[in-house]
Structure formats: structure tokens, C-alpha cells
Amino acid sequence: MAPIISISGFVLTAFLGVSTAEFNEKYWHINHFYIPAVCACLISLYVLYAVKGSPKNEGLVDISEINLMRGIKDEEVKAVKSPNLSSFQIFYQYVLKNKNAWYVAFMDTFVYMVRFGLISWLPIYLTDAKNFTKDQMGVAFLFFEWAAIPSTLLAGYISDKFFKGYRMPPAIAAMVIIFFMIIGYFTSNNLHLVIFFAAMAGCLVYIPQFLASVQTMEVVPAFAVGSCVGLRGFMSYVVGASLGTKAIGLAVDYFDSWNAGLIMLLSACVLCMLCSTLCHFSAKKKYL
């Protein structure tokens with residue numbers, strides 16, 4: 001999913017730039033809002049048509065056979081089946097009262113703060129503070145999106161192969177590197193170095209975001225995953241994205257300095273690492 005988001009971000013940016021140049025800036029609102037909305041509706045209709053029922057109905061292997069191959073007994077599967085509780089009771093009992101669910105939610109919040117802070121303010125910062133041309137800024141932004149594709153494809157494999165299924169160690173390592181990439185990105189005036197720092201940040205920021213999604217499915221029972229995803233989605237897309245866009249902009253305006261944005265991004269990296277560490281050791285105790 002994350003590589004598709006990265007490809008979509010690049011394609012959409014390129015499409016909007018070309019469409020604006022070709023069809024006159026007078027119709028920018030059509031290019032930027034209506035056309036993507038129509039595309040989203042058409043794709044949604046296709047998904048509604050293409051997505052089928054259960055795997056068993058489509059002739060695929062039944063989940064009981066998969067559990068058998070994994071060495072999971074039927075008694076263990078029955079033990080995690082949904083109890084006779086309402087949706088709110090499941091949400092309250094297994095999500096709101098689950099510290100691991102909150103660790104993952106706050107971790108993803110700060111990841112989104114970094115991601116949206118970079119995506120939203122990268123073009124303005126490069127042209128305003130670094131005096132880059134629009135072409136130079138476009139090159140840096142292009143590498144930011146494309147560099148994320150290989151890292152997200154490898155993130156799950158790395159966590160399984162080298163960290164015995166623990167998701168947080170590679171996420172923490174990625175955030176540590178991002179911390180220094182942001183410092184380099186803000187302090188360097190060399191075009192090629194800025195592009196490198198932006199590409200590295202874009203390459204790595206999707207790793208903790210992707211692994212947070214995987215970790216969500218591992219900190220609650222299967223019947224509570226939907227509720228836990230809902231909490232994480234609210235915290236990341238509403239709180240985290242708002243901190244990365246609106247809050248950083250307000251801070252930069254209030255202090256009249258981009259250093260305020262730098263401090264906020266670095267603080268988000270540190271807080272993300274803290275939440276990831278807490279989640280790792282708490283989840284590790286659970287599986288020992």
C-alpha cells in the first residue's frame with residue numbers, strides 16, 4: 001500500500017503541474033480538486049466491483065488450513081474469537097484500555113507529523129529560505145516521493161528476517177536517520193546535498209508508517225483490529241497531519257523563523273522513537 005501511495009503522490013504532482021501549464025491557471029481548481037475526485041470515484045467503483053467475498057468462496061486456501069500450517073491449534077483460534085460484546089465494549093476494553101494500542105497510535109501520530117511537515121512545507125521552504133528555483137524544488141520533491149518505494153517494499157521483510165518479527169527496531173532506526181537528515185536538509189545550501197537529504201527522509205519516513213500498520217494488527221485480538229486501526233487513523237490523519245501542516249505553519253509565522261519548524265520536526269522524531277521503544281518492549285513482554 002505504501003509504495004502505491006508514493007507512486008500516486010509523484011504521478012499526481014506531475015499531472016497537476018502539466019495540467020496547470022497546459023490548461024491555464026484559470027482552471028486550477030478543476031485540475032487540483034475535481035479531476036482527482038472523479039478519478040477516486042471511478043477507482044472506488046472498480047474496487048467495489050472487483051473485490052470479492054471470503055478467500056474460501058474464491059477457491060483459495062481456508063484460514064483453518066493456514067493456521068494448521070503455522071502450527072496454531074483450533075483451541076487457540078477459538079480463544080481469540082470475538083466475545084459477546086458490543087462494538088463500543090470491544091473498543092473500550094481492548095483498545096482504549098490497551099497501552100500498546102496507544103503507543104502505536106501516538107507513534108504513527110508523530111510519523112505523520114514528520115511526513116506531512118516535510119511534504120507540505122518542503123516546496124515553500126526550498127523556494128523561500130534556500131532561494132531554489134521552482135525546477136530545483138521540483139527535482140527535490142520528486143526524489144522525496146520516489147525514494148520511499150524500495151524502503152517500504154523491504155521494511156516488512158527486514159523486520160521478519162533480521163528482527164524476528166519485531167516491527168519497532170527498524171522503525172526506530174529509520175527515525176534516527178531521519179532526525180539527522182532533517183538537520184542536514186535545513187542547514188545545507190548545496191542543491192545536491194539537499195536533494196540527497198530530502199530523498200533519504202522520503203525513503204525512510206514510510207518505514208515506521210508501514211510498520212505501525214503491521215504492529216496495529218499484533219497488539220490487539222483479531223476482532224478488535226478494526227477499532228484499533230480506527231484509533232490510529234484518527235490520531236495520525238487528524239492529529240498528526242494537523243501538527244505537521246497547520247501547527248508548523250503557525251509556529252514559523254509566530255516566531256518568524258523556519259527554525260521553529262525544524263525544532264518541531266526534530267521533536268516529533270524523538271517522540272516517535274520514544275513511543276516506538278515503549279511499544280517494542282511492551283509487546284515483547286507479551287510474546288515472551
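Mentor: Two rings of Phe, Tyr or Trp count as an aromatic pair if their centres lie within 6.5 Å. Keep that in mind as we look at this predicted model.

Trainee: Happy to. How many aromatic pairs does the structure hold?

Mentor: It holds 13 aromatic pairs. In general, a pair of aromatic rings is described by the distance of the centres and the angle of the planes. Take Tyr125 and Trp258: their ring centres are 5.1 Å apart and the planes stand at 75°, so this pair is edge-to-face.

Trainee: Where do Tyr125 and Trp258 lie?

Mentor: Tyr125 is in helix H6, while Trp258 is in the loop between H11 and H12, so their pairing ties together parts that are 133 residues apart in sequence.

Trainee: And are these two residues buried or exposed?

Mentor: The cut-off for buried is under 20% relative accessible area. Tyr125 has 4%, so it is buried. Trp258, at 16%, counts as buried too. For another pair, look at Tyr254 and Phe255: with centres 5.0 Å apart and planes at 85°, these rings are also edge-to-face. Both Tyr254 and Phe255 are exposed.

Trainee: Which residues form an aromatic cluster?

Mentor: Trp121, Tyr125, Tyr185, Phe186 and Trp258 form one. Setting aside neighbours within four places in sequence, Phe186 is in contact with Tyr125, Lys130, Trp258, Gly261, Leu262 and Leu265.

Trainee: Let me move on to the nonpolar core. How many residues does the largest one have?

Mentor: It has 63 residues, and those with the most contacts inside it are Val114, Leu126, Ile178, Ile182, Tyr185 and Phe186. The elements giving two or more residues to this core are helix H5 (87-96), H6, H7, helix H9 (168-187), helix H10 (191-216), H11 and H12. H6 supplies the largest share, 13 residues.

Trainee: Those are helices I keep hearing about. How many helices and strands does the protein chain have?

Mentor: Twelve helices and zero strands. Of the chain's 288 residues, 39% count as buried. If you take the contacts with a separation of 6 or more, 76% of them join residues 24 or more positions apart.

Trainee: Which helix has a bend, and where?

Mentor: H11 bends by about 40° at Leu243. Follow H11 to its end and you meet Asp256, a residue with a positive phi.

Trainee: How should I read a positive phi?

Mentor: Most residues other than glycine have a negative phi. That makes a non-glycine residue with a positive value worth a look. Asp256 is such a case, with phi near 50°. You will find Asp256 in the loop between helix H11 (225-255) and helix H12 (259-287). Its relative accessible area is 70%, so Asp256 is exposed.

Trainee: What is the phi of Asn131, and where does this residue lie?

Mentor: Asn131 has a positive phi of about 60°, although it is not a glycine. Asn131 sits in the loop between helix H6 (99-128) and helix H7 (134-146).

Trainee: Why does Asn131 count as exposed?

Mentor: Because its relative accessibility is 62%, and exposed means over 50%.

Methods:
Residues numbered from 1 in each chain as written. Predicted model: local features only at pLDDT ≥ 70, side-chain atom pairs only at ≥ 80, totals over all residues. Heavy atoms only, no water. Helix = DSSP H or I, 4+ residues; strand = E, 2+ residues; numbered from the N terminus. Buried < 20%, exposed > 50% of the residue type's maximum accessible area, 1.4 Å probe, protein only. Phe/Tyr/Trp six-rings, centres within 6.5 Å; stacked < 30°, edge-to-face > 60°. Contact = heavy atoms within 4.5 Å. Core = buried A, V, L, I, M, F, W, Y, C linked by side-chain atoms within 4.5 Å. Bend = angle between axes of the 7 residues up to and from the residue.
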